[in-house]
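Open the model in your viewer and keep the selection tool ready.

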Amino acid sequence: MNQPQSPSQSQNDTLFARAQKTTPGGVNSPVRAFRSVGGTPRFITRAEGPYFWDADGKRYIDYIGSWGPAIVGHAHPEVIKAVQDAAARGLSFGAPTEGEVLMAEEICRLVPSIEQVRLVSSGTEATMSALRLARGATGRDKIVKFEGCYHGHADSLLVKAGSGLLTFGNPTSAGVPEDFVKHTLVLNYNDVAQLEETFATMGDEIACVIVEPVAGNMNLIKAKPEFLQALRALCTKHGALLIFDEVMCGFRVGLTGAQGLYGITPDLTALGKVIGGGMPVAAFGGRAELMQNMSPVGPVYQAGTLSGNPVAVAAGMATLKLVQQPGFYEQLSAQTAKLAAGLTAAAKEAGIPFCADSQGGMFGIYFSAEVPNNYAEMMAGDRERFNRFYHAMLDEGVYFAPAAFEAGFVSAAHTDEVIEATIEAARRVFVTLA
Ligand code: PMP
């Protein structure tokens, strides 16, 4: 099972060398390249439950779950069956299907603020389209985002974004004209005073505020309830729309997402990841009156050849069915909290400054004495120690997110035994990090 290979024999090395010849950096999404932690990315050959296997046949306990979607565990038989059945009926029609109606009905039923929804194929499309809708509906240009929040790679959102961009120390991408981002205001996460000041000076020009209500792209950082409450109140007062980007936290922190958790009703919500169960489905939705601005009934254009793809929707619907089983989120939250507590205790035994936090099936691990509240606090963590921890855990067969700026994900397949094995491995590793 875990057969270590010498570097010269490694299929991962061979594949990475080949990949870099035909693909920039050898990867199709930057954070996969291990640039932050160094070393060779693992090329994955298959996955099942809480595990995946790399090209050298080494097994890992997987704590990224495809960066969120694999909430019921990899290759869940019911999800695979739904995909196989759908695929057998045809892959894509470019015409509406009943599956899309069912998925829209399901999302509207489950997410409190959504009365109408449009399906797209990626989180980037969902946030980009929600933004266009907000600008179209309000007739305003300015948008507010928060430092360290990532909302996909649409031009006007690539300002001080998190995740892969933090990894590269490249907060604003090349190729984005200044003119495109001059309407994007970037504020500090969890800073109510700054928010109030901004709205006091230019509130009536702001089309929308977009926020990750549980942020997972600057490690895990939870919004303070008073921050989200202030956001809601200020947006309402000034006629700006509040967009919750729940691409990551939707159906991840609980069945009703962060909005259910905090009891806050956004005007628009972006969803992704879990609602596709590992296939490309994302969505944006909100009040019907707002969504009626979308083409073909309204003036805001948006479209997609593969939007609402029948095979992808089948995977998403099977996943959404599984997460509604009684006790699903209670169990997932308990397992995730167990992992966070176990890692914290193991670090403490070894005398390493470390803490961990979790929300539903998301967690953060920080090489700092306290859980951060914003981007600057998160960046102050000990990244060098994280990198050593990362590689030692990888050697132990535990795959965390390959950067200190990413949240981790637990699935329903992460049993007590799997969590215990992780904590045992961490115990062995922490003592080597002092
Ligand atoms: N919003 C958030 C909060 C995300 O975490 C991500 C992806 N990590 C996106 C948007 C973009 O989604 P995608 O990668 O599917 O385009």
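Select helix H4 (residues 123-138) first: H4 gives the largest share of the shell around the ligand, three residues. Helices (H or I, at least four residues) and strands (E, at least two) are DSSP runs, numbered from the N terminus. This is a predicted model, where local features need pLDDT of at least 70, side-chain atom pairs count only at pLDDT 80 or more, and totals for chains, interfaces and linings use all residues. Residues are numbered from 1 along each chain as its sequence is written.

Now select the residues around the ligand, 16 of them, with Ser122, Gly123, Thr124, Gly152 and Val247 coming nearest. A residue is near if its C-beta atom, placed from the backbone, lies within 6 Å of the molecule.

Next, select helix H7 (residues 192-202) and helix H8 (residues 225-238), whose axes come within 10 Å and cross at roughly 5°. Axes are lines fitted to C-alpha atoms, for helices over the stretch in contact, and angles run from 0 to 180 degrees between N-to-C directions. H7 and H8 are therefore roughly parallel to each other (angles under 35 degrees count as such). In the contact (C-beta atoms, placed from the backbone, within 7 Å), Val192, Leu195, Glu196 and Phe199 of H7 meet residues of H8 including Phe227 and Leu231.

Last, select the strands S13, S14 and S16, an open antiparallel sheet in the order S13-S14-S16. Strands pair if DSSP finds at least two bridges between them. At the edges are S13 (355-359) and S16 (408-409), each pairing on one side only. Phe363 has Gly408 in S16 as its bridge partner. Helix H12 (residues 328-350) lies across S13 and S14.

Conventions:
Contact = placed C-beta atoms within 7 Å. Parallel < 35°, antiparallel > 145°, perpendicular 65-115°, else oblique.
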